Amino acid sequence: MRPGFLRSLAGIWLLTWRTEMHWKRMLIRIPGLFVLPVLIFMALSEAKVVFSRTSQRPEPAIVLNEFAVRLQAMNMPLDNERLARLSAIFHEEFERSAARWRNSSRLISAEEQNAEMKDCYDRIRRRARTVLDEPQFVQLQSFINETSRSRMARQPLWNWTLPFYQVLLNLYFFLVLPLMCVRAAGGLIRDELQADTLGFLVTRPITRARLLLAKYLAHAGWMQILLAIQTGLIFAAAAWCGVPGLAKLLPLFLAVQFLAVLAWNALGVFLGQLTRRYIALALLYGFVIEMGIGRIPTNINNLSLMRHLKTLLAHDAPLQVMFEWSPQGTPFSVCAVLLAAVLFVGLAAALFTWFEYHHRAEMQA
Amino acid sequence: MNPIIQARELSRWYGIVMGLNNVSFDIGPGLTGLVGPNGAGKSTLIEIITGQLQPSSGTLTVFGEEPWNNPRLLRRIGYCPEGEALPKDLRPLDWLRGLALLSGMSRADAAARCEAVLDQSGLAREHWSKTLGQFSKGMKQRVKLAQSLMHHPDLLVLDEPMNGLDPMGRQEIAQILKNLAASGVSILISSHILAELESLCRNILILNWGRILASGDQRDIRGDIRNWSEELSISCDAPEKLARHLFDAGVLLGFDLSSDGRLHIRVKDPQAFYADWTRLLLASGVQVHDIRSQTRSLKSIFEKVTT
Amino acid sequence: MPLHDTSYKHWTGAHLGVWRRRLTIARNGVAACLQNRWMRHLLLLCWSGALLMALALFAVGQLLVADSVVVEWVGNFNPRLQTFARMLTTWLEEHPEISVRTTQNVLFYYFSTGLLKFSIFAIGMIIPVLITRDLASNAIVIYSSKAINRGDYVFGKFATVAGLMGLAWLGPVCAAWFVGNLLAPDWRFFWHSRGALLNVLLFGICGVAILGFLALGVSAVSSREKSTSALWYIWWIVGGIVSQIVAEVLPWLRHFSFNYNLEQIALSVFRLGDDLKRVQDNIPIFGDMLRNVSAETMSMLNAPEFTGAAVASCFMMGLALAIVAHRSRPE
């Protein structure tokens with residue numbers, strides 16, 4: 001009888017999925033899988049209604065009124081006829097600009113918005129030349145320059161698909177997924193220890209390091225399946241609502257999620273080996289490394305897993321626009337994430353080999 | 001014969017608490033009992049033997065190797081822990097199959113072997129479809145025993161294996177262990193049920209306060225204990241007459257007459273008494289119906305050694 | 001008579017009232033909470049914050065005194081500012097409902113809501129102590145064999161949470177008010193700042209009730225300590241994020257977050273919109289500076305979603321109570 005690693009892995013895999021597929025867990029897990037898709041469905045349905053009702057363009061009447069007040073203050077008031085003609089020009093050109101993105105379901109970046117507004121004002125300027133006299137036209141030019149600067153767009157235009165991306169990324173990918181992985185992986189050895197069942201495993205003819213590696217791989221495999229189903233349901237809800245570009249995004253997202261699950265599980269296993277209060281340590285890691293150091297715009301932010309995952313996701317255009325991520329350094333990010341996973345698992349295995357992890361000590365701590 | 005388990009100046013402490021205190025012993029093949037009160041260090045010793053703990057100082061070897069993180073050695077050891085904890089959401093066959101694969105068995109072998117050991121440990125087939133969380137104490141004990149036998153170990157280490165079993169169940173398990181011992185498997189059993197160990201094991205190891213108080217054959221231990229006073233219970237026609245005769249012969253430390261008419265005596269020198277007792281009893285002229293030893297039990301050895 | 005009566009003997013001594021028994025549960029619960037050294041560190045942090053708040057109130061009070069140390073100190077850096085401060089001081093002395101009441105109301109709003117975060121964090125640490133451990137160790141059966149019923153048990157546990165929140169939240173806030181006014185230049189500060197104290201107490205009672213019931217409910221969900229603790233923190237964090245994401249499209253879903261509900265209740269109790277308007281209308285220079293507050297912020301301050309927050313909180317409290325009632329049955 002030769003216990004090879006693959007056979008050990010098969011044994012741990014059997015124990016893992018049999019435990020997870022218990023009907024009581026399924027009773028909670030299956031409805032849980034539908035929470036985010038239902039939230040997305042509800043949010044997008046409402047978003048479409050809100051989007052169609054609200055105007056996404058600046059109001060031409062307000063802009064024109066400001067110009068008229070300015071001319072009045074300079075003793076160059078507009079007579080009624082010029083005011084009416086100028087009003088028509090403003091409304092037509094603003095409407096022409098707004099029509100470009102009214103029915104668009106892709107996100108319009110700040111740069112695009114500003115470029116379009118510049119074109120709009122250029123068209124207004126050209127047409128207004130035939131309406132205004134010279135001094136009034138000079139004032140119009142200076143007014144347009146000031147207005148362009150003060151009304152410059154700084155973020156993407158609000159679009160009805162935005163809630164989907166916010167739920168998918170801000171809520172699911174960068175919060176729920178890491179929490180789930182770290183919480184579950186941290187308990188791989190700790191839960192067995194506290195339940196006093198670790199003895200059955202460590203007395204098998206397998207080294208402690210291999211045992212931990214087998215548990216990690218089996219658990220990561222299970223999480224990959226579960227989270228792939230979750231992602232599929234989320235995308236299905238979004239596709240049902242008509243969000244475009246999902247066919248391109250889904251394979252990229254699943255690939256990045258695959259790496260993310262490996263890395264987060266590895267982190268969880270390592271933190272679980274370090275201390276029984278691994279959840280608190282994970283939250284501390286999240287605040288300090290991911291939300292703190294990860295946002296510093298220097299090389300030190302390479303310590304953050306999320307920063308690398310954002311780089312990988314930035315290959316999707318809407319995400320690039322919305323979050324202003326850059327796909328530069330993709331090979332480096334892939335290597336960094338994989339290296340992090342290997343490093344964390346290696347450290348965890350080393351800790352598990354050196355230290356005893358005794359039930360009595362665990363319960364007394 | 002080479003010892004299976006050898007400890008030399010073995011110590012283990014938990015902070016300032018001594019679990020094992022500089023113990024040295026040899027355990028040979030066959031059935032050996034590990035006896036001691038709560039907190040004596042039995043579980044600590046068992047956990048070191050099975051590679052779950054490391055010694056703080058000294059050495060312990062099993063089959064000549066140290067057990068910690070030693071898969072080659074662990075292949076030869078089967079372990080049945082004391083605690084009731086089992087993965088409550090798994091069925092016994094699923095759990096055993098997973099452990100069998102982890103031990104290196106092929107899928108086909110694992111499936112067959114799991115059923116065989118469950119039958120061997122006496123778990124009725126009607127319970128196989130339940131989850132471990134639904135099992136009674138006794139059923140859990142049988143499943144734990146089954147997982148320890150799965151990979152045909154050379155050394156079986158059992159921590160309180162009879163816990164939760166009814167008298168018939170204990171008898172079944174005892175028979176299984178005897179059969180295994182007869183087939184060449186060495187067995188180390190820790191138990192509080194001294195009567196069971198007494199009948200199972202000739203060799204015992206007595207622990208208290210982390211120290212070995214006695215080890216070896218039960219009879220040899222008894223013989224080594226100084227001031228061992230043998231207690232006998234005799235049923236006869238004239239207990240007062242017999243008591244007076246034995247007292248005059250100078251062989252008694254004391255005697256007592258119980259309400260059921262039996263004479264209970266304590267003899268000074270058991271070996272001398274047994275060498276001469278036939279003559280003493282004949283000379284008394286009293287008809288003796290039966291005679292029983294009260295102190296030939298493991299319980300009395302244990303009490304004598306630990307006080 | 002050689003044989004004694006071995007039949008069951010009832011206790012003939014004095015019986016404590018039911019309130020003493022409830023408080024015994026609460027006292028033991030609070031003692032268990034305080035055994036955690038991180039909890040003690042957190043409480044120290046909260047009371048340190050109270051001390052800082054008291055000092056801040058002292059400094060603000062000193063600004064209202066024409067020849068105070070603070071105004072003299074300001075003059076070392078900026079004489080013009082010192083002159084302005086002296087002018088303002090005279091005016092503020094004549095309008096204590098603005099200088100004392102409004103100032104303290106605004107300061108205590110931020111202090112209360114800020115310290116509430118620490119309270120919520122502390123509750124997450126004690127969630128296992130409430131009902132989770134009793135479920136895991138089957139202590140519910142022991143409790144039910146004593147002279148208390150389920151209501152007494154739940155009340156005792158609720159009082160544990162209330163006691164902890166008193167130590168971590170209400171206590172420091174009230175102490176800051178008392179010490180801050182004690183260090184004020186005039187005894188009338190106590191009278192003029194009574195509104196702020198009443199707001200603090202009202203918000204505190206609401207907060208204790210809501211968080212207390214929710215904590216009990218979460219604690220009773222499972223017998224595993226890690227699960228219940230994690231559930232509390234996840235609800236807090238995820239609720240906050242969801243409420244931001246759905247703010248425009250599904251505004252009712254924001255009430256899923258208990259933190260959001262408490263914020264709305266705080267805004268309704270402290271009525272910062274009224275304070276802002278009072279400052280805008282009455283205080284020169286400051287009032288003009290505050291006229292540029294965005295319409296969105298003004299709308300939030302003047303019309304907090306109290307009804308939605310109250311309904312959602314009551315619903316969640318009812319659900320929590322139902323969970324506790326079901327899980328605390330001895331069988």
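Strand β3 (residues 31–35) of chain B pairs with strand β8 (residues 203–208) of chain B in the parallel sense, over four bridges. Across this pairing, B:Thr32 stands opposite B:Asn203 in β8(B). The model is predicted. Both strands belong to an open sheet of six strands in chain B. A second open sheet in chain B has four strands.

**The six-strand sheet of chain B**

- The strand order is β5-β6-β7-β3-β8-β9.
- Pairing in this sheet is mixed.
- Strands of a sheet pair through backbone hydrogen bonds, either parallel or antiparallel.
- The edges are held by β5 (77–80) and β9 (211–217) of chain B, and each of these pairs on one side only.
- On average, neighbouring strands here are turned by 15 degrees against each other, direction ignored.
- Helix α1 (residues 42–49) of chain B packs on the sheet. The strands that α1 touches are β3, β6 (155–159), β7 (186–190) and β8 of chain B.
- The direction of α1 makes about 150 degrees with that of β6(B).
- Helix α5(B) lies across β5 and β6 of chain B. α5(B) runs at about 170 degrees to β5(B).

**The four-strand sheet of chain B**

- This open sheet runs in the order β11-β12-β10-β13, and its pairing is antiparallel.
- Which strands stand at the edges? They are β11 (252–257) and β13 (288–293) of chain B. Each has a single partner strand, so one side of each is left without a neighbour in the sheet.
- Neighbouring strands are turned by 20 degrees against each other on average, direction ignored.
- Strand β10 (residues 230–236) of chain B pairs with β13(B) over five bridges, in the antiparallel sense.
- B:Ser235 stands opposite B:Asp290 in β13(B).
- Helix α9 (residues 239–248) of chain B lies across β10, β11 and β12 (263–267) of chain B. Its run is at about 170 degrees to β11(B).

**A loop residue in chain B: B:Gly133**

- B:Gly133 sits in the loop between α4 (107–120) and α5 (137–149) of chain B.
- Is B:Gly133 buried or exposed? B:Gly133 has 12 other C-beta atoms within 10 Å, so it is exposed. The cut-off for exposed is 12 or fewer.
- B:Gly133 touches B:Lys88 and B:Asp89, leaving aside residues up to four places away in sequence.
- B:Gly133 and B:Leu90 are 43 residues apart in sequence. In space they are 7.8 Å apart, C-alpha to C-alpha.

**Two packed helices in chain A**

- Two packed helices are described by the angle between their axes and the distance between the axes.
- α8(A) packs with helix α11 (residues 246–274) of chain A at an angle of about 45 degrees. Their axes are 7 Å apart.
- α8(A) and α11(A) are therefore oblique to each other.
- The crossing of α8(A) past α11(A) is right-handed.
- α8(A) brings residues to this contact including A:Leu177, A:Pro178, A:Cys181 and A:Val182. α11(A) brings others, among them A:Ala260, A:Val261, A:Trp264 and A:Asn265.
- By class, the contact of α8(A) with α11(A) has 14 nonpolar, six polar and two charged residues.

**Where chain A touches chain C**

- The contact takes 14 residues from chain A and twelve residues from chain C.
- Which elements give two or more residues to the side of chain A that touches chain C? They are α3 (35–53) and α8 (162–194) of chain A.
- α8(A) gives the most to this side, with eight residues.
- The side of chain A that touches chain C has ten nonpolar, two polar and two charged residues.

- Chain B has eleven helices and 13 strands.
- Along the principal axes, the C-alpha atoms of chain B fill a box of roughly 75 × 45 × 35 Å.
- Of the 307 residues in chain B, 40% are buried.
- Among the contacts in chain B with a separation of 6 or more, 68% involve residues 24 or more positions apart.
- Of the 331 residues of chain C, 35% count as buried.
- In chain C, 80% of contacts between residues at least 6 apart in sequence join residues at least 24 apart.

Key
Residues are numbered from 1 along each chain as its sequence is written. Chains are lettered from A and ligands numbered from 1 in the order in which they are written. This is a predicted model: local features need pLDDT of at least 70, side-chain atom pairs count only at pLDDT 80 or more; totals for chains, interfaces and linings use all residues. Two strands pair if DSSP finds at least two bridges between them. Axes are lines fitted to C-alpha atoms, for helices over the stretch in contact, and angles run from 0 to 180 degrees between N-to-C directions. Two residues are in contact if their C-beta atoms, placed from the backbone, lie within 7 Å. Ala, Val, Leu, Ile, Met, Phe, Trp, Tyr, Cys and Pro count as nonpolar, Asp, Glu, Lys and Arg as charged, and the others, Gly among them, as polar. Angles under 35 degrees count as roughly parallel, over 145 as roughly antiparallel, 65 to 115 as roughly perpendicular and the rest as oblique. A crossing is left-handed if the near helix is turned anticlockwise from the far one by less than a right angle, and right-handed if clockwise. A residue is buried if 20 or more other C-beta atoms lie within 10 Å of its own, exposed if 12 or fewer, and partly exposed in between; C-beta atoms are placed from the backbone.
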